[in-house]
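Dear colleague,

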Amino acid sequence: MIDSGFETKSLRMELLLLVTFQAPASDVDRIMEAVVAIAPLTMGKYDSNAYQSAHGIERYRALEGAAAGAETELRRRHGTVEVSFELPDDQALAARIVEAIFQLHSYQEPVIRIQPILASRSKGLDDSCNPNRWWNTTGDWKKAATVKEDA
């Protein structure tokens, strides 16, 4: 495993923490508002950077001592998503983020994971001639702006 960052011509690979949590989709906005209030989740010239999966199904069975009481049947909760975002490698910051997620989550035992990773950060080079960049083609933001102007 690579234990330190490195650079290429176009980007830096930095040591960061990947935070992932699972939650009902209805919990995500309030959790992420609190997360961004603690850490802006900045990536280059963007902030509030996170990924949210499509809705899935969480499986579990409550045991003795669970807030809902012990159950014999396996539950399947539809509409659960997974959210992930990156933080600086800072344990105190990670602790604040994890506590915020826990306090705002609707579960007794929320699934929260933290993993050390290497993540890319662009050096911000001039990409105006790169035909692979969406803003050099028909970019979705151009279509959205045109539709709003026509409305």
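What volume does the second largest pocket have? In this model, which is predicted, the second largest pocket has a volume of about 460 Å³. It is lined by 16 residues, and those closest to its centre are Tyr-60, Ala-62, Ala-66, Gln-108 and Glu-109. The elements that contribute two or more residues to this lining are β4 (56-60) and β5, and by class the lining of the second largest pocket holds eight nonpolar, two polar and six charged residues.

Two or more lining residues come from each of β2 (11-24), β5 (75-88) and β6 (111-122), with β2 giving the largest share, four residues. Sorted by class, the lining of the largest pocket has 13 nonpolar, seven polar and ten charged residues.

Most residues other than glycine have a negative phi. Leu-41, however, has a positive phi near 55 degrees, and Ser-48, which is not a glycine either, has a positive phi of about 60 degrees. Leu-41 counts as buried because its relative accessible area, 4%, is under 20%, whereas Ser-48, at 42% relative accessibility, counts as partly exposed.

With best regards

Definitions and conventions:
Residues numbered from 1 in each chain as written. Predicted model: local features only at pLDDT ≥ 70, side-chain atom pairs only at ≥ 80, totals over all residues. Heavy atoms only, no water. Nonpolar A, V, L, I, M, F, W, Y, C, P; charged D, E, K, R; others polar. 1 Å grid on protein atoms, 1.4 Å probe; cavity = no way out; pocket = protein on both sides within 12 Å on 5 of 7 lines; lining within 4 Å. Points joined across faces, edges and corners; volume = space filled by probe spheres on them. Buried < 20%, exposed > 50% of the residue type's maximum accessible area, 1.4 Å probe, protein only.
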